[in-house]
Structures are given as structure tokens and as C-alpha cells.
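The following exercises are to be worked with the sequence and the three-dimensional structure at hand. Each task is followed by a solution in steps.

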Amino acid sequence: VLATVRLAGPRPVVYDLFELRKVDVETDTGASRFQADLTRVGAKLYAVLPEDIAAPDLQISSAVTAGESLAATVGVRSDKGTPVDILAPVELTLLDPAGATRQRIYRAVKGKEPLRETFKIAANDPAGEWRVIARELFGGRAVEASFAVAARTDAPLPAARELPDVVVYDAERVRQFLAAAKKVVVPYEPDRNPAGSPSRRGAS
């Protein structure tokens, strides 16, 4: 189904939010219209803006120490560089030095006020160059900024405690269950043992 959507007033800027792209808008005798292609989907979601926007403005701290928080500020402006009074959805992604995604969050820039967000860097996170990517979710334009994470110089974190081969939770309840049960069957599937681990058999 190909539907025609008509809009009154000045020529707007329209974005297809599912496809993150600008839609062609035609103007005729003071009214605007665009085509909504519903041949492959049952619904569409559009954003009708008074003017076009540019990629987000992103400002972050230049450096933090592991265990601290990174401050990030995101703003949205028109393609002419002026503030726009709209509600703009944005995606923020935090990447570590290896390029792995550590956090991905979705927020909205409300009007002309910038969005302020913080990312917690764990005390045992690796030192090096990290990145933040801010993407507006009208047309998908993105900007990127990097920052340095320095290793902690204070007392090191305690070493992870080694766990025994068998860990039992709620041991007293397990004892009560075994004491009350007439028969307990423990399934054994040798093919499902982790590689390199000894086989354990047992039933009682």
C-alpha cells in the first residue's frame, strides 16, 4: 500500500524513524505531502520537524581515572547551527580500547537544553583510549569523541576468590529436601561435561 500523507502549513522536514532517513516532501499550493510506503510493513512512524538538524554536539571529559565517572553533554542544533526547540532522541555508546561496547543507552535532548549523562568506569577497567559515540535517531547521524582512562595507582583490588568445584546455596533447605525425599534421581549426561573437566557420577 502506498499512502499519501498531507500536511498543512510551511514545508516541514520529515524523517522515517524506522529507517532513519529523510523523506522527500513535495509542496503544492501551500500544503505539503509525502508518500508512506506500507507495502512491506503494517505501520510507519514519522517525525515532522520545523527545520532540518545536524549531527549532535558532543562534549566529554578529556581524561578520567579508572573507578571514576565520565561526564558527557549532548546537544542538538539545526543544520544552520541554531538551537532547535524539539524533543530529539539520541543513542549514546561507550566503547573500550578494544572496541567492545561497554554501555549503550537511549535518551532524549529536550528542547534547547543539552543532555547531561555520566558513564561509570569500573576500577578494574583497562587503561587506554576509550570512545563515546552520540547518534541522533532521526536520520542516524553520529559524532565520536575519545578520552583517556588512566590506571589506578592506589592499592590494587583484592584477587578474586577461587570457588570450590561444587557450590551449594541454601544448604539447609537442600538437607531438608533430601531428608524428606524417598528417592532422588540425579541425571547424568557425560557428553555435556565441559571440555577438560572430570566426569562426575552420582545418584542416591
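**Exercise 1. Identify which residues of the largest nonpolar core touch the most other members, and state which element gives the most to this core.**

Solution. 
Step 1. A nonpolar core is a set of buried Ala, Val, Leu, Ile, Met, Phe, Trp, Tyr and Cys residues joined through side-chain atoms within 4.5 Å; buried means under 20% relative accessible area, exposed over 50%, and partly exposed in between (1.4 Å probe, protein chains only).
Step 2. The largest such core has 30 residues, and those touching the most other members are Leu49, Ile53, Val74, Phe119, Phe138 and Phe147.
Step 3. Two or more residues each come from β2, β6, β9 (69-75), β10 (87-95), β11, β12, β13 and β14. Helices (H or I, at least four residues) and strands (E, at least two) are DSSP runs numbered from the N terminus.
Step 4. The element that gives the most is β10, with 4 residues.
Step 5. Contact means heavy atoms within 4.5 Å.

Note on the model. This is a predicted model, in which local features need pLDDT of at least 70 and side-chain atom pairs count only at pLDDT 80 or more, while totals for chains, interfaces and linings use all residues. Residues are numbered from 1 along each chain as its sequence is written, and side-chain values use heavy atoms, with hydrogens and water left out.

**Exercise 2. State how many salt bridges the structure holds, and locate the pair formed by lysine 44 and aspartate 16.**

Solution. 
Step 1. A salt bridge is a side-chain nitrogen of Lys or Arg within 4 Å of a carboxyl oxygen of Asp or Glu. Side chains of opposite charge can pair when their charged atoms come close.
Step 2. The structure holds 16 salt bridges.
Step 3. In one of them, the side chains of lysine 44 and aspartate 16 meet at 2.8 Å, N to O.
Step 4. Lysine 44 belongs to the loop between β5 (31-37) and β6 (46-49), and aspartate 16 to strand β2 (residues 13-16), so the pair ties together parts that are 28 residues apart in sequence.
Step 5. Both lysine 44 and aspartate 16 are buried.

**Exercise 3. Determine whether aspartate 52 is buried or exposed, and find the partner with which it forms a salt bridge.**

Solution. 
Step 1. Aspartate 52 has 10% relative accessibility and therefore counts as buried.
Step 2. Its side chain meets that of arginine 141 in a salt bridge of 3.8 Å, N to O.
Step 3. This pair links distant parts of the chain, 89 residues apart: aspartate 52 is in the loop between β6 and β7 (57-60), and arginine 141 in the loop between β13 (128-136) and β14 (142-150).
Step 4. Arginine 141, at 28% relative accessibility, counts as partly exposed.

**Exercise 4. Describe the surroundings of aspartate 125.**

Solution. 
Step 1. Aspartate 125 forms a salt bridge with arginine 102, with the closest N and O atoms 2.6 Å apart.
Step 2. Because aspartate 125 lies in the loop between β12 (115-120) and β13, and arginine 102 in strand β11 (residues 101-110), the pair ties together parts 23 residues apart in sequence.
Step 3. Aspartate 125 has a relative accessible area of 14% and is buried, whereas arginine 102, at 38% relative accessibility, counts as partly exposed.
Step 4. Salt bridges that share partners also join Asp16, Glu19, Arg21 and Lys44 into one network.
Step 5. A polar contact is a pair of N or O atoms within 3.5 Å; within protein, one must be able to donate a hydrogen and the other to accept it, and residues adjacent in sequence count only if both atoms are side-chain atoms. The side chain of aspartate 125 reaches the backbone nitrogen of alanine 122 at 2.8 Å.
Step 6. Not counting residues up to four places away in sequence, aspartate 125 touches Ala66, Arg102 and Trp130.

**Exercise 5. Find which residue makes a polar contact with the side chain of threonine 4.**

Solution. 
Step 1. Threonine 4 is placed in strand β1 (residues 2-8) and, with a relative accessible area of 39%, is partly exposed.
Step 2. Its contacts, leaving aside neighbours within four places in sequence, are Arg33, Phe34 and Gln35.
Step 3. The side chains of threonine 4 and glutamine 35 make a polar contact of 3.0 Å.
Step 4. These two residues are 31 apart in sequence, with their C-alpha atoms 4.7 Å apart in space.
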